[in-house]
Amino acid sequence: MFNKLTLKLIGTLLASTMILSACGTNGNSNGAVKTNSEPAATESTSNAAVTNEAPTGKLKVQLVGDFSLEDKTDPVSGKTSKGVKVLKEEFEKQYPNTEVEFVLMGWDNYNEKTQTMLQSGAADVYQVPGIAALVEQGLLEPLQPYIDKDSYDLGSYLAGQVDGWKALGPDDQELQIYGLPFIGDARVIVYDRQLFDDWGLEYLSESPTIEEVLEKAAKMTGKNPKTGEQNYGLTFKGADAADTVMNINESLGGQWGNGFLWKDMKLDFDSKTMVQSMDLMKEVLKYAPEGIMAGQGAENFLTEKNNIAINLRESPGFINSLANFRLEDRYQAALLFKNQTTGMGGMFAGSPFAIGASSSNKDLAWEWLKFSGSEFFQQYMWEEQRSQSMPVIKAAEEWPSVQEIGQMDIILKQMSQLWTPRYPYRSGQPRYILSENVERVLLDELSAAEGMKKAQEEGTKWLADQQ
Amino acid sequence: MSNQMSKATPLGVLDQRMLRKRNKMLRRQPTLAWYLFLLPTLLGIAVFMIYPLAESLRLSFTKGADERFVGLQNYVSVLESGTFWYSVYNTLYITVFQLLIAIPLGFIIACLINNLRRGSNFFKVLFYLPNVTSIVAAATVFLALLHPDGPLNYVVQLLGFEKLVWLSQPLSARWGAIILSVWHWLGFVIIINLANLQAISSDYYEAASIDGASGFKQWLYITLPNMVGSLTVLFVIGWIGGLQRFSDAYMLGGLQGSPARSLHTVVGFIFERGFGGYEYGLASAASYILFFFILAFTYVNTKVTKMKI
């Protein structure tokens, strides 16, 4: 069938494939893991190269999200926002003989893209919301030596914002700083004051309990006494139901479990408070529109036509919607359910900047990280990138532009009460196992106790497989 | 005579060998040139197809960030996973009904269009339009169609039934995906069937008419047997595409195939484990299992349908 030449060609191709494959293996793991397997002491030694001379050279900064280099106009608000070239120009002004180049990417598959970039050393500074998995592979530079060298003041950040991004490197015994926050994020409870007025109810307290929310939601589900239209007491994001259950659980004194790395992790999905929270979540469902589990039925929330009183889980970007529709006075925010003893509540969110272990200009990268915590940088993010970023520094509380937005007080408070670090179980399969079983309970396929037991068993089995 | 003589002498044998060698080289020269032209493509195939396949196979035997060798553990984990088998069930469920509805329906519509004297081009375009639309865009539109207060429920209520919260219950969510996939694929089925219908010689029909065969008999004894090839191709292609289903289910049910994983497909399983939790080894193993599924299904399908490849 095949002549000799064809066979030779196929042979050569297969051989080169195997060689390529072998190169890929080494390239991948060596670049990533070799650096990892360096002991912590060696990492510190390598950082002894941290110098006090003004760094120069080219800096590549990767950014994930809706960023653009040039100015652009929002199609909804019609407002033009300045591109990230503003940051480039300012940094280059502050650090002469440097040049900043951005690598901008969207949110789609950002984890894989970032990992590939880190392994190939494609940038110096990375935006890494999925920091834990990257640190575990030794792909990011520990920042403590840089912080010590400059006596960098971490107190300028909002409470918990630095702690939230702490992670464990392959040789770390305790959580370490590998990233500094630059994009703030949180979830808050948002409610429609007009509907509360229609029903003659008092607004939610600043830090409501689940019982308070349920009681008011129950009263506001039905025909609106003023307009006669169907009202619903509550809504939440169906896909995030498990996060709301966890928030309720922690407010009741429970916890998700403990540990940071898979090998040390213990889940507590079937605790008494988790089952109780699950039952409360089923109660929540009674006052929500049909279709809420599929993310349908709450499309009018934050608009003039809204018919839902309370949203249990809204991102801070809602202030932009309010500004667009001139509804700033109608909607108010409240803190997520909080544990009264610890004063904490809510899942940590946002984005930090980190330095790639493969970066060739780490000193300059560190200067960028400090720059990202400056008032100039944070004010730029607040003024020009508000749809995707909340300030992470305490100074923001004093900015007039922040103070004039009524809901910002709650958003900044919420950002300071988040549980830190990020829930580590969400980096892998336990997250999906919990979500699936929460959905099954909400669909009445399982009872709360059965669902949580199943989640615990499946999650524990998965963790055991990771040993 | 002289030829026979030259064969007999050693010199003659040598001449013949040289001649054969020369002829062989001359024949080989254009072949070599073709391989030279093919080289960029072959390199592309090696780098972008064979290498990723080999790398994925290697990864399927490893685990964790340090890529430690675990043998067949990932394959065992996938095959023992209840979620995986549920995703197989979902994939098969949606695909079986998609094929059962789209192929006969497409064939009937194609026959109707083929018999039209006027306006057939309009209908061809009309039915083919959904297939031109990106499945992501189509699924986005279907999110509105399947809304509790959407147009589909309006029709359901007009027919006297209670409205459904389509995407909130596992069974109705799966049927939502089936309706979307049938709608999207129907145009393709119609076009393939039409192409075949138009290729059937009109002589057969004329002869049958002369013999007094009714329209139905002509359809049954002429049209149908001549359509077996196209229907078989559609059946095999449909299976392969169905087993690879991802975008439509992902758009309707999100990463986890909500509600309660009812829209979680095999490729969704691979995506979640690979990109949702960095389990590249396990995801690669699941990819190879899917590959063998498709191979087995295609083999059985070609045997059952006696398709020649």
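This is a predicted model: local features need pLDDT of at least 70, side-chain atom pairs count only at pLDDT 80 or more; totals for chains, interfaces and linings use all residues.
Let's begin at Trp382(A), where the charged end of Arg386(A) sits over the ring, 3.8 Å from its centre.

From charges over rings, we can turn to rings beside rings. Searching the whole structure over all chains gives 50 aromatic pairs. Take Tyr191(A) and Tyr203(A): their ring centres are 6.1 Å apart and their planes meet at 40°, so this pair is tilted. The two tyrosines bring together distant parts of chain A, twelve residues apart. Tyr191(A) belongs to strand β7 (residues 188–192), while Tyr203(A) lies in the loop between α7 (193–198) and α8 (210–219).

Now move over to chain B, where Tyr278(B) and Tyr280(B) form an edge-to-face pair, with 6.2 Å from centre to centre and 85° between the planes. Tyr278(B), with 19%, is buried, and Tyr280(B), with 24%, is partly exposed.

To finish, return to chain A and follow the ring pairs that join residues into a cluster. Phe91(A), Tyr95(A) and Phe102(A) are among its members, as is Phe182(A). Further along the numbering, the cluster includes Phe353(A), Trp368(A), Phe371(A), Phe376(A) and Phe377(A).

Methods
Residues are numbered from 1 along each chain as its sequence is written. Chains are lettered from A and ligands numbered from 1 in the order in which they are written. Side-chain values use heavy atoms; hydrogens and water are left out. Rings of Phe, Tyr and Trp (its six-membered ring) pair if their centres lie within 6.5 Å; planes under 30 degrees apart count as stacked, over 60 as edge-to-face and the rest as tilted. Helices (H or I, at least four residues) and strands (E, at least two) are DSSP runs, numbered from the N terminus. Buried means under 20% relative accessible area, exposed over 50%, partly exposed in between (1.4 Å probe, protein chains only). A charge sits over a ring if NZ of Lys or CZ of Arg is within 6 Å of the ring centre and within 35 degrees of the ring normal.
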